[in-house]
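This report covers an annotated site, the nonpolar cores and the ligand surroundings. Please read it alongside the structure.

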Amino acid sequence: MAYSYDDENIFAKILRGEIPNDTVFETEHSLAFNDIRPQAPIHVLVIPRGKYVNYDDFAANASDEEILDYTRAIAKVCEMKGVEAEGFRMISNAGHNGVQEVPHLHVHILGGRNLGRMLTPA
Ligand code: 5GP
């Protein structure tokens with residue numbers, strides 16, 4: 001699937017330095033920062049610097065180097081936030097049904113409390 005990328009999305013602006021962010025960790029290809037509206041005591045967003053709309057787009061089209069960097073950045077954030085012991089949730093919303101607000105790939109890392117069941121009945 002070929003996704004079209006919107007250069008004006010809010011995370012693109014963060015990556016260009018046009019909007020500030022509360023950085024947790026960064027690498028050549030990835031950036032992790034605290035969510036502006038945290039849903040749990042720990043709520044970090046991890047994004048690739050490359051222009052990928054969602055995880056499907058990234059997994060299909062990113063270079064091996066980007067995928068490795070991004071995957072390891074997620075592990076580093078988990079380590080830095082100490083979520084391994086008590087557990088955490090990793091979510092990546094995509095598109096309309098996934099209720100994705102920002103069309104630049106991001107993984108939510110949530111922890112610091114029991115997060116309940118994954119989905120509540122609609
Ligand atoms: P989505 O629904 O796309 O998976 O989640 C987008 C997330 O981005 C939301 O949790 C929202 O709070 C967060 N967000 C939206 N705008 C900003 C922003 O300007 N800065 C930060 N740090 N987070 C944002």
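## Annotated active site

The UniProt record, an unreviewed entry, lists His106 under "active site". The model shown here is predicted. In this model, His106 sits in a loop. That loop runs between β4 (88-91) and β5 (107-111).

Is His106 buried or exposed? Its relative accessibility is 5%. Buried means under 20%, so His106 counts as buried.

Which residues does His106 touch, leaving out those up to four places away in sequence? The list is Phe11, Leu45, Val46, Ile47, Tyr70, Ile91, Ser92 and Gln100.

## Nonpolar cores

In soluble globular proteins, nonpolar side chains tend to be buried together. Here, the largest nonpolar core has 17 residues. Val44, Val46, Tyr70 and Ile109 have the most contacts inside this core. At least two of its residues come from each of β3 (42-48), α3 (64-81) and β5. The largest share, 5 residues, is supplied by α3.

A second core is separate and has 7 residues. Among them are Phe11, Ile14, Leu31 and Ile47.

Not counting residues up to four places away in sequence, Ile109 touches Ile42, His43, Val44, Val46, Ile74, Val77, Cys78, Phe88, Arg89 and Met90.

## Ligand surroundings

There are 16 residues around the ligand. Which of them come nearest? They are Asp35, Asn93, Glu101, His106 and His108.

For Asp35, a polar side-chain atom lies 2.5 Å from a ligand oxygen. For Asn93, a polar side-chain atom lies 2.8 Å from a ligand oxygen. Glu101 takes part through its backbone: a polar atom there is 2.6 Å from an oxygen atom of the ligand. How much of the ligand does the protein bury? Taken alone, the ligand exposes 520 Å², and the protein buries 89% of that.

## Domain record

The unreviewed UniProt entry also lists residues 10-120 as "domain: HIT". The end C-alpha atoms of this span lie 28 Å apart. Its content is 28% helix and 23% strand.

Definitions and conventions
Residues are numbered from 1 along each chain as its sequence is written. This is a predicted model: local features need pLDDT of at least 70, side-chain atom pairs count only at pLDDT 80 or more; totals for chains, interfaces and linings use all residues. Side-chain values use heavy atoms; hydrogens and water are left out. UniProt positions are given in the numbering used here, feature names are shortened, and annotations may be inferred rather than shown by experiment. Helices (H or I, at least four residues) and strands (E, at least two) are DSSP runs, numbered from the N terminus. Buried means under 20% relative accessible area, exposed over 50%, partly exposed in between (1.4 Å probe, protein chains only). Contact means heavy atoms within 4.5 Å. A nonpolar core is a set of buried Ala, Val, Leu, Ile, Met, Phe, Trp, Tyr and Cys residues joined through side-chain atoms within 4.5 Å. A residue is near a molecule or strand if one of its heavy atoms lies within 4 Å of it. A polar contact is a pair of N or O atoms within 3.5 Å; within protein, one must be able to donate a hydrogen and the other to accept it, and residues adjacent in sequence count only if both atoms are side-chain atoms. Accessible areas come from the Shrake-Rupley method with a 1.4 Å probe; for residues, only the protein chains shown count as cover.
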